[in-house]
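Here are my notes on this one, as promised. Have a look at the fold first, then read on.

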Amino acid sequence: MHRSGANGRLRLGVMGGTFDPIHHGHLVAASEVAAEFDLDEVVFVPTGQPWQKSHKHVSEPEHRYLMTVIATASNPRFTVSRVDVDRPGPTYTIDTLRDLRAQRPDADLFFITGADALAQILSWKDIDELWSLAHFVGVTRPGHVLDGMGRDDVSLLEVPAMAISSTDCRARVAANHPVWYLVPDGVVQYIAKYGLYEAAAEADTPPS
Ligand code: ATP
Ligand code: MG
């Protein structure tokens, strides 16, 4: 396998997200960081189901996982991991990184986050183990200030502004507005095929 790191280790980007649905903001962020940091691969990691019962509805993990596979299939350097989807309970970044580290002991991990997610991570109390598991890369996102709080273990990267959010994509589908060109074509078709995000849709059952 190709190894580009000066130390001979694989350089593996990690893009965690709910991906409900995955959109071009996620894909541009991953692609830009991959180019800038000379990554061999970026693994997209859809989260598990955040809460068993919640007023904030999140689509079934299997739907989010499959949309992520569809969106990344054409890029030879993009892969998708089931570690979070298959782990019961809510997803914590520390578990994601521990599991990937165990699966890929030959890799240096680069955890990619948008400005909003980075600010959340930096506000946690017990973040020290996170820094030992991965280098963090924060990318710009419209509407959010990118701030690494002066930490050496966080790199900041300006990426082309994509004012796209999954929240907006879901609202568009519910309002019968198009999501063409905001998400990959295959994801537009997947959303329509399973009736995801439709205003009255309570019954989005994943394929079995
Ligand atoms: P939601 O609106 O449901 O929160 P989202 O668009 O924020 O969805 P997430 O799955 O929450 O998408 O985000 C996963 C990761 O991708 C986070 O680190 C987030 O900051 C980053 N990200 C999402 N959209 C963009 C974007 N347009 N530009 C840069 N980074 C983004
Ligand atoms: Mg978000």
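1. A word on contacts before anything else: two residues count as touching if their C-beta atoms, placed from the backbone, lie within 7 Å. On that basis, residues 24 or more positions apart account for 69% of the contacts in the chain with a separation of 6 or more. Bear in mind that this is a predicted model.

2. Overall make-up: the chain has 8 helices and 6 strands, and from the N terminus on they come in the order β-α-β-α-β-α-α-β-α-α-β-β-α-α. The radius of gyration is 17 Å, close to the 17 Å that the globule rule gives for 208 residues, so the chain is as compact as a globular protein of that length. Its C-alpha trace spans about 50 × 35 × 35 Å along the principal axes, and 35% of the 208 residues count as buried.

3. Now the sheet. It is open, built from 6 strands in the order S3-S2-S1-S4-S5-S6, with parallel pairing. S3 (78-80) and S6 (154-157) sit at the edges with a single partner strand each, so one side of each has no neighbour in the sheet. On average, neighbouring strands are turned by 30 degrees against each other, direction ignored.

4. Take a look at S4 (residues 107-114) and S5 (residues 135-139): they run parallel and are joined by 5 bridges. Gly 114 stands opposite Val 139 in S5. Helix H5 (residues 115-122) packs on the sheet here, touching S4 and S5, and its direction makes about 110 degrees with that of S4.

5. Finally, helix H1 (residues 24-36) lies across S1 (10-17), S2 (41-46), S3, S4, S5 and S6. Relative to S1, H1 runs at about 160 degrees.

Definitions and conventions
Residues are numbered from 1 along each chain as its sequence is written. Chains are lettered from A and ligands numbered from 1 in the order in which they are written. This is a predicted model: local features need pLDDT of at least 70, side-chain atom pairs count only at pLDDT 80 or more; totals for chains, interfaces and linings use all residues. Two strands pair if DSSP finds at least two bridges between them. Helices (H or I, at least four residues) and strands (E, at least two) are DSSP runs, numbered from the N terminus. Axes are lines fitted to C-alpha atoms, for helices over the stretch in contact, and angles run from 0 to 180 degrees between N-to-C directions. The radius of gyration is taken over C-alpha atoms; the globule rule is 2.2 Å times the number of residues to the power 0.38. A residue is buried if 20 or more other C-beta atoms lie within 10 Å of its own, exposed if 12 or fewer, and partly exposed in between; C-beta atoms are placed from the backbone.
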